[in-house]
Amino acid sequence: MTNPGGLRSSFARIFLRSLSRINSGRVSSSRGRTLPKHRSISIAAYASMASAVGTRRAWSREVLRRIRRGGARRASRRTSEFPVGRKGRKEPGNGKKLKKEAGDGNEGSSIQGMRKKLRRLVPGGEGMEFHRLLAETAHYIKCLKTQVGVMRSIADYYTPV
Amino acid sequence: MSSRSRSSRQGSSRISDDQIVDLVSKLRSLLPEIRNGRRSDKVSASKVLQETCNYIRNLHQEVDDLSERLSQLLQTIDPDSAEASIIRSLIM
């Protein structure tokens, strides 16, 4: 398991560098469209965390992949998913092998329904065996918590008293 | 490890109940609400998954909100100069 202190400072370092890049306007977006600043920041946050984690988790690999493919090309916030890369709610047609759930339909409170939702929420979760999905989810949540904590600390630091 | 009888649950999971329970309890320890109080191992897996999904969504939302906050704050400061002291204060 990653040492959370190490992850925290790695993420903070990378993220702060991104922030200063964004601040000085050195960030270019694909397709020539300018992203709103908060959007650049939120993408930078996910990207920084994925970089800090590296390629040893499936979810971070997926995030890095999406960012490289073009961070600006992502669905707007109409879904509750991770904002980078996903084109829509449908199952992704990007070549990942899908495990079709035997129970279909939106059984909201059943395990099947929850598994589907979880697959969409965790990056790279779609092609994964459920066992692995749970482990990735646990790690993903841990990193998200770290990310939020650092972002909050930075925001508090800069908030004028 | 999976020598017990497999769950007859439909779907693509071909692992034993033990492993699911194990992973689910690991998830549970990360979730803020369920952690307090219930010692029961019989908290339904679907409830844990549901809480997990909600929690992830909340975290995404928080990232968005913090990004908004940071985008406004960034206009007034220069992150470059303060980076070292921020990191130091963050780690402490």
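**View 1. Chain B, overall make-up.** Chain B contains three helices and zero strands, where helices (H or I, at least four residues) and strands (E, at least two) are DSSP runs numbered from the N terminus. Along the sequence these elements of chain B follow the pattern α-α-α. This is a predicted model, in which local features need pLDDT of at least 70 and side-chain atom pairs count only at pLDDT 80 or more, while totals for chains, interfaces and linings use all residues; side-chain values use heavy atoms, with hydrogens and water left out. Residues are numbered from 1 along each chain as its sequence is written, and chains are lettered from A and ligands numbered from 1 in the order in which they are written. Of the contacts in chain B with a separation of 6 or more, 12% join residues 24 or more positions apart, a contact being heavy atoms within 4.5 Å.

**View 2. Confidence along chain B.** The pLDDT, which is the predictor's confidence in each residue on a scale from 0 to 100, averages 69 in chain B, and 51% of the residues score at least 70. Confidence in chain B is lowest in helix α3 (residues 79–91), at a mean of 68, and highest in α2(B), at 87. Over residues 2–13 of chain B the pLDDT stays under 50, and for this stretch the model has 18 contacts beyond four places in sequence. The model as a whole scores ipTM 0.73 and pTM 0.70.

**View 3. Leu59(B) and the residues of chain A that it touches.** Leu59(B) lies in helix α2 (residues 45–74) of chain B and is buried, with a relative accessible area of 3%. Not counting residues up to four places away in sequence, Leu59(B) touches Ile141(A), Leu144(A), Lys145(A) and Val148(A). Leu59(B) and Leu23(B), which are 36 residues apart in sequence, are 20 Å apart in space, C-alpha to C-alpha.

View 4. Chain A has five helices and zero strands, and from the N terminus on its elements run α-α-α-α-α. Of the 161 residues of chain A, 54% count as buried, and residues 24 or more positions apart account for 55% of the contacts in chain A with a separation of 6 or more. The mean pLDDT of chain A is 74, with 68% of its residues reaching 70 or more; among the elements of chain A, α4(A) has the lowest mean (83) and α2(A) the highest (92). Over residues 72–107 of chain A, pLDDT stays under 50, although the model has 77 contacts beyond four places in sequence for them.

**View 5. Helix α2 against helix α5 in chain A.** Helix α2 (residues 37–53) and helix α5 (residues 130–158) of chain A pack at an angle of about 125°, with their axes 11 Å apart. That angle makes α2(A) oblique to α5(A), given that angles under 35 degrees count as roughly parallel, over 145 as roughly antiparallel, 65 to 115 as roughly perpendicular and the rest as oblique. The axes are lines fitted to C-alpha atoms, for helices over the stretch in contact, and angles run from 0 to 180 degrees between N-to-C directions. On the α2(A) side the contact is made by Ala45(A), Tyr46(A), Met49(A) and Val53(A), and on the α5(A) side by His139(A), Cys143(A), Leu144(A), Thr146(A), Gln147(A) and Met151(A). The residues of this contact divide into seven nonpolar, three polar and no charged, with Ala, Val, Leu, Ile, Met, Phe, Trp, Tyr, Cys and Pro counted as nonpolar, Asp, Glu, Lys and Arg as charged, and the others, Gly among them, as polar.

**View 6. Helix α2 against helix α3 in chain A.** Helix α2(A) and helix α3 (residues 58–70) of chain A pack at an angle of about 130°, with their axes 9 Å apart, and are therefore oblique to each other. Residues making the contact include Ile43(A), Ala47(A) and Ala50(A) of α2(A) and Trp59(A), Val63(A) and Ile67(A) of α3(A). By class, the contact of α2(A) with α3(A) has ten nonpolar, two polar and no charged residues.

**View 7. Helix α4 of chain A.** Eight of the eleven residues of helix α4 (residues 111–121) of chain A are buried, so this helix is largely enclosed by the rest of the structure. Among the buried residues of α4(A) are Ile111(A), Met114(A), Arg115(A), Leu118(A) and Arg119(A).

Key
Buried means under 20% relative accessible area, exposed over 50%, partly exposed in between (1.4 Å probe, protein chains only).
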